[in-house]
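Let's walk through this structure together, one piece at a time.

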Amino acid sequence: MTAAPRPDEQVFRSHLAEGPFQAGAERRRWRLESVAWPVAIIAVSAAPREGGPAEFFFRFDLTDYPQTAPTAQLWDLLSQARLSPAKWPTGRLRVPSVFRPDWKDGGCLYLPCDRVAMEGHDGWRAQHPHLIWNASRDITLYLETVYELLNSSDYSGVRSA
Amino acid sequence: MSEIEVFLQGAGISRTQLVRLPENATVNDLVEAARQHGLQLAEGEPPIVMLEDSDEPLPLEAKLVDAGLKHRGRVHIHRCRRVEVTVNFNGVTKVHPFSPGQTLQRVKAWAAKQFGMSEADAAEHALQICDSTERPSEDTHLGSLVTRPGCAVCFDLVPKQRIEGAR
């Protein structure tokens, strides 16, 4: 017999079916690749850049969602491992400040809505209040933030290009 | 019977709703469904239903498909026919009426033009609701941000900041 999904997984799956996630998916901004709780792999589309991919994959750890913020890392689907830093997105100012292979060994994105990055950054609550996670948020806060960066004029492609 | 899915925003609906209706449903049926999803219209207040980024109200008796709504199309329902938008930037204020179903993306494009910004500069700015820290998504319909009793929204056009902290 299959065990019933945990409450955090149930909430996440309900959010996947709701308007905000589906509206972004409909615009081809992101798409769900897989869920193996508490991990979800989601692809986020990127603007065309020479040598850059059409989308980047993110491995989300969604433990205790949505009471606790997600954390995500860039993911290589083929090797099932963290994406090599040479393939990370980069840019002029805002993009490289978020996609930092040097930060926590590339284990998370440097974003206020990422639970790992948020540790020790209480100042972000005042500096970036619109990016702070709370239990009324859903995964689209994270996805919209990443999508905006990967489709901004700041984004220039991948590091190795 | 097959269904039509509609992405719905409107007065009192803070999150986009995905509503499923029979394919032969009317615009009125959509309004009734929207009430179940939090649409706030006072007694006797006529609903104004518009396609996203459109200025023309849909006839309430029309079938959704005849009114031009496609599967997974986007609709806004509101009491206001127009929303007066104020945008502040660098001590200058611009005001313009928009349809409540206009996206913030359209509003920002208008504001950027008013303030003489290049497309690249505009992409590095966001609309933030006045006297708040809220920066709604650019897919948000204006009407979703209107609070009673008026039909107006005020924004500051603010720069998107780099995330900084520990090195």
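We begin in chain A, where A:Gly107 touches A:Thr71, A:Ala72, A:Gln73 and A:Arg82, leaving aside residues up to four places away in sequence; contact here means heavy atoms within 4.5 Å. A:Gly107 sits in the loop between α3 (94–98) and α4 (115–118) of chain A. Helices (H or I, at least four residues) and strands (E, at least two) are DSSP runs, numbered from the N terminus. Between A:Gly107 and A:Arg82 there are 25 residues in sequence and 7.9 Å in space, C-alpha to C-alpha.

A few words on how to read these values. This is a predicted model, in which local features need pLDDT of at least 70 and side-chain atom pairs count only at pLDDT 80 or more, while totals for chains, interfaces and linings use all residues. Residues are numbered from 1 along each chain as its sequence is written, chains are lettered from A and ligands numbered from 1 in the order in which they are written, and side-chain values use heavy atoms, with hydrogens and water left out.

Now move to chain B. Its domain assignment, automatic or from a database, gives domain 1 (3–78) and domain 2 (83–159). In chain B you will find an open sheet of four strands in the order β6-β5-β8-β7, with mixed pairing; two strands pair if DSSP finds at least two bridges between them. At the edges are β6 (92–98) and β7 (125–129) of chain B, each pairing on one side only. On average, neighbouring strands of this sheet are turned by 30° against each other, direction ignored. Helix α2 (residues 104–114) of chain B packs on the sheet and touches β5 (83–89), β6, β7 and β8 of chain B, its direction making about 135° with that of β6(B). For such angles, axes are lines fitted to C-alpha atoms, for helices over the stretch in contact, and values run from 0 to 180 degrees between N-to-C directions. Strand β8 (residues 152–159) of chain B runs antiparallel to β7(B), and five bridges join them. Within that pair, B:Ala126 stands opposite B:Val158.

How do the two domains of chain B meet? The C-alpha centres of domain 1 and domain 2 of chain B lie 23 Å apart, and their contact takes 16 residues from domain 1 and 13 residues from domain 2. Together they bury about 1100 Å², 42% of it on carbon and sulfur atoms; buried area is the accessible area (1.4 Å probe) that two parts lose on being put together, summed over both. Two salt bridges are found across this domain interface, the rule being a side-chain nitrogen of Lys or Arg within 4 Å of a carboxyl oxygen of Asp or Glu. B:Arg148 forms a salt bridge with B:Glu45, with the closest N and O atoms 2.7 Å apart.

Finally, look at where the chains come together. Here 23 residues of chain B are in contact with 32 residues of chain A, and about 2400 Å² is buried, with carbon and sulfur atoms giving 46%. B:Arg15, B:Arg162 and B:Ile163 supply 28% of the area that chain B buries against chain A, more than any other three residues. The count of salt bridges between chain B and chain A is eight. In one salt bridge, the side chains of B:Lys160 and A:Glu148 meet at 2.7 Å, N to O. On the side of chain B that touches chain A, β2(B) gives the most, with four residues.
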